[in-house]
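Subject: Structure for you to look at

Dear colleague,

I am passing on the structure below, and after it I set out what was found, in the hope that you will read the two side by side.

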Amino acid sequence: MNKNTAAYIVSLVLLGGAVLLGVLVGTVSISPEVLWNPGSDQSAANILWNIRMPRVVLAGLVGASLAIAGAAFQGLLKNPLADPYTLGVSSGASVGAVMTLFFSISVPFLGIFTLPVVSMIGALATMLAVMAFAKLVDRSMKMETVILTGIIFSSFLGSVISLMIALTGEELRQIIGWLLGSVSMRGWPYVQMALPFVIIGSAVLWWNRRELNAMLFGEERARHLGVDVKKRKMTILIAGSVLTGAAVSVSGTIGFVGLVVPHMVRLLWGADHRHVLPLSFINGAALLILCDLVSRTIISPTELPIGVITAFIGAPVFAFIFFRQRKGGV
């Protein structure tokens, strides 16, 4: 068995275990028998299929989206500190989503897709603004410049969100609850809302896996290998923004998943994007399902926002990556 096969087996077993724990463990414990024989306990089956299963699936989609987007951003920018959160893309998506809630925006022909679409527009606009400003400051676009620019934009957009919250009336509870990050009580409609964008964004990144590998050697080398660098960069940025916008629109701001998972995948199984992208997708889903499980059971029956759990994990890992990078270990 080679290393890549082992990586997929371990990742899929982890994801399967996370799904089982997510649907069976909680305030009410459910027997595994209910999975294949719902008639054995109708009340438990209702909890499993109408409350826990959509929650677990949604957590998996959000985690997978953020992780594969983070893997693409890290590969594109050649920096392990790049992810939707540190680049400000999550904040841009949050502004788009909060504006939709604040102004009760509803585009007739989009219907329930208004929220994710506006969120994606916010994510993409922020990504383009960060790259443009970073290039204005430093034409060589060093990674430190891009990361710092992302933090600047994230801080500014955070103040825009705070302003809208300060002006909010009855929508305050909804916006605050959404911003803390949660997949609680979303149901199957939210899964249906996010799924098309997750599939499209992930497929586009997978389609560009070889180009991401080529760009690891630098843009000039990638051009010599026949890559249309400008077009591919824009395609990857758009796909990453679509994934981030879709995730943020259904779960709120959840940080560090796109930072931690791709970095650990590269550390354990190498930097080939043919495997980094799908492995990040699988492990990102597993991580967020487990984080959601912890968030709803650690102080049961009260729930913690899922973003709190990911921050507890992500902040120390962020510090560790930064330390290694400064010491020349990355």
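H4 and H11 are oblique to each other, since their axes cross at roughly 55 degrees and come within 9 Å, helix H4 comprising residues 89–102. By oblique I mean any angle left over once those under 35 degrees are called roughly parallel, those over 145 roughly antiparallel and those from 65 to 115 roughly perpendicular; axes are lines fitted to C-alpha atoms, for helices over the stretch in contact, with angles running from 0 to 180 degrees between N-to-C directions. The helices themselves are DSSP runs (H or I, at least four residues), numbered from the N terminus, while strands are runs of E of at least two.

This is a predicted model, in which local features need pLDDT of at least 70 and side-chain atom pairs count only at pLDDT 80 or more, whereas totals for chains, interfaces and linings use all residues. Residues are numbered from 1 along each chain as its sequence is written, and side-chain values use heavy atoms, with hydrogens and water left out.

On the H4 side the contact (heavy atoms within 4.5 Å) is made by Val-89, Ser-90, Ala-93 and Ser-94, and on the H11 side by Ser-241, Thr-244, Gly-245 and Val-248. By class this contact of H4 with H11 has 3 nonpolar, 5 polar and no charged residues, where Ala, Val, Leu, Ile, Met, Phe, Trp, Tyr, Cys and Pro count as nonpolar, Asp, Glu, Lys and Arg as charged, and the others, Gly among them, as polar.

Ser-94 also takes part in a side-chain to side-chain polar contact with Thr-253, at 2.6 Å (N or O atoms within 3.5 Å, one able to donate a hydrogen and the other to accept it; residues adjacent in sequence count only if both atoms are side-chain atoms). Thr-253 lies in the loop between helix H11 (229–251) and helix H12 (257–269), and among the residues that Thr-253 touches are Tyr-85, Ser-90 and Trp-178.

H12 passes H13 in a right-handed crossing, and their contact has 9 nonpolar, 4 polar and 1 charged residues.

Finally, Arg-232 and Glu-211 meet through their side chains in a salt bridge of 3.6 Å, N to O (a side-chain nitrogen of Lys or Arg within 4 Å of a carboxyl oxygen of Asp or Glu). This pair links distant parts of the chain, 21 residues apart, with Arg-232 in helix H11 and Glu-211 in helix H9 (residues 209–215).

Methods: Left-handed = near helix turned anticlockwise from the far one by under 90°. Lists of a residue's contacts leave out its neighbours within four places in sequence.
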